[in-house]
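Please read them with the structure open.

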Amino acid sequence: MQCPQCHYQPLPENARYCPQCSQPVEVAARVKIDAQVGENYGQVIGVQTQVLNGDVYGGDIYQVQVYALSEAGRSGAAGRFLERNTPPYPYLQPFTARDRLRFCGRDGEVRQALSRLGASRLLVLYGPSGVGKTSLLAAGLIPQLADDGALAVHVSDYSQPLGDTLWKALSASKEQLNLPLRQGAPLPELLQSVQQAAKGTLVLVLDQFEALFHPDYPAELRLAQINSLVESLKAVPPEYLRLVLAVREDQLLRLSDLQEALPDLFRAFMELKPLTRAQARQAVLQPNDHVAQPLFFADGMVDELLLPELDALTRETPDSIYPPHLQIVCRWLYDQAQQRGLRMATPDLYLNEGRGAEGILVSHLDETLRTRLAERQKLAEQALAALAAHSGGDWAAAASLGLPADSAGELEHTLDLLVEAGLLLRMHPAGS
């Protein structure tokens, strides 16, 4: 099917507006995506290699990373950017594109994200804190898109207009990526310049997009950011621009405010859930195939001890293992084995010295209280004690902890830090 106004095709299934000209359309329901789109990850057009003087793979300019591969880079080995001396587990740091071989257990979700991004020019990825959204994008989706020739830009900072942020990031890579860009150009103009010069698909990944809805975020800047995205979608043909918005699930409803401006916003969305036991098994074992100093496990230890205990940390959601818990426990085992000159993790090390998954997390908690929460350690200890004494099950509302009312704001911030550290999980009631 094609748009009756501008003749763009193929129109997304059940589209109410054309993604190219934004005019209303009437399209009969369809149940099958064009096979060519599905196989081509959304009509990804490779960036012209004459604008590339080498691979651009990461960097951190205002929390923005740029990825584009030269012709040689696109045909190179997947592990060419991996630092083999790194540990198999990155602790609590998100995986990056350089870690794509260490990022294991999410192959199905990567394929799903590629497919859905192929079916729509805008993909919304959502899930709870700590479920691994940033890692999925950085180490799963983006490397595959770069291999296919796309130019991918991963943004997690919204303190400046997106046009300024993108200009600085691309300009910082100008030795490898030769693009004539006008400083101060608004985002739509900037993206048009990228399209005309690169003649390939730009995938703009907007991570932690919920930052725009924080109470302290300037309302005027939020409106300007949203308007710049809307105008960009109008200015650049769909095959040359794809957007990914990643948000926490508790902020997903805030995106409904954008539905009028982006009518097809919720056509392609994807929920990221915790790891299943089968996925967690891959995340434990497979990274060791790609590092110089792997960690081996005693027979039966992973299936009979490690995975059941990690799963038991979230008793109300069986077969659900949160990546931060896995990374903390596995990194502790790795570090302890390295200190002892061991190549294998044993049940004795895990149970007697680490006291199992809960014991390792408690040790990490003690360290976190002394470091990351040093300025609010007393309040953190009070909150954790109140949570431990809570009789209403595994979940408790912050307001029910019985702490002084004047500490409510500090309490919320402290709980957020504990969630970020992977030591607490936050559940948001339906409809909140």
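1. In which loop does Lys199 lie? This residue of the predicted model sits in the loop between α6 and β5 (202-206). Its phi is near 50°, a positive value in a residue other than glycine. With a relative accessible area of 45%, Lys199 is partly exposed.

2. Arg355 belongs to the loop between α11 (347-353) and α12 (356-370).

3. Overall content of the chain. The secondary structure comes to 14 helices and 9 strands. Of the 432 residues, 50% count as buried. The chain exposes about 20200 Å², and carbon and sulfur atoms supply 49% of that area. Among contacts with a separation of 6 or more, 70% are between residues 24 or more positions apart.

4. Strand β3 (residues 122-127) has 6 of its 6 residues buried. Leu122, Val124 and Tyr126 point one way from the strand, while Leu123, Leu125 and Gly127 point the other way; all are buried. Both faces of β3 are therefore covered, given that buried means under 20% relative accessible area.

5. Which strands does β3 pair with, and in what sense? With β6 (residues 241-248) the pairing is parallel over 6 bridges. In β6, Val244 is the bridge partner of Leu123. With β7 (residues 269-271) the pairing is also in the parallel sense, over 3 bridges. There the bridge partner of Tyr126 is Glu271.

6. Helices α6 (residues 187-198) and α7 (residues 219-235) pack at an angle of about 35°, with axes 8 Å apart. The contact involves Leu187, Pro188, Leu191 and Gln192 on the α6 side, and Ser228, Leu229, Glu231, Ser232 and Ala235 on the α7 side. The crossing of α6 and α7 is right-handed.

7. Leu181 is placed in the loop between α5 (162-172) and α6. Is Leu181 buried or exposed? Its relative accessible area is 18%, so Leu181 counts as buried, the cut-off being under 20%. Not counting residues up to four places away in sequence, Leu181 touches Trp167, Leu170, Leu190, Ser193 and Val194. The C-alpha atoms of Leu181 and Ser171 are separated by 7.9 Å, with the two residues 10 apart along the chain.

8. Gln65 counts as buried because its relative accessibility is 16%. Leaving out residues up to four places away in sequence, Gln65 touches Gly58, Gly59, Asp60, Ala152, Val153 and His154.

How values were computed. Residues numbered from 1 in each chain as written. Predicted model: local features only at pLDDT ≥ 70, side-chain atom pairs only at ≥ 80, totals over all residues. Heavy atoms only, no water. Buried < 20%, exposed > 50% of the residue type's maximum accessible area, 1.4 Å probe, protein only. Helix = DSSP H or I, 4+ residues; strand = E, 2+ residues; numbered from the N terminus. Pairing = 2+ DSSP bridges. Contact = heavy atoms within 4.5 Å. Areas by Shrake-Rupley, 256 points an atom, 1.4 Å probe, with all protein chains shown as cover. Axes fitted to C-alpha atoms, helices over the stretch in contact; angles between N-to-C directions. Left-handed = near helix turned anticlockwise from the far one by under 90°.
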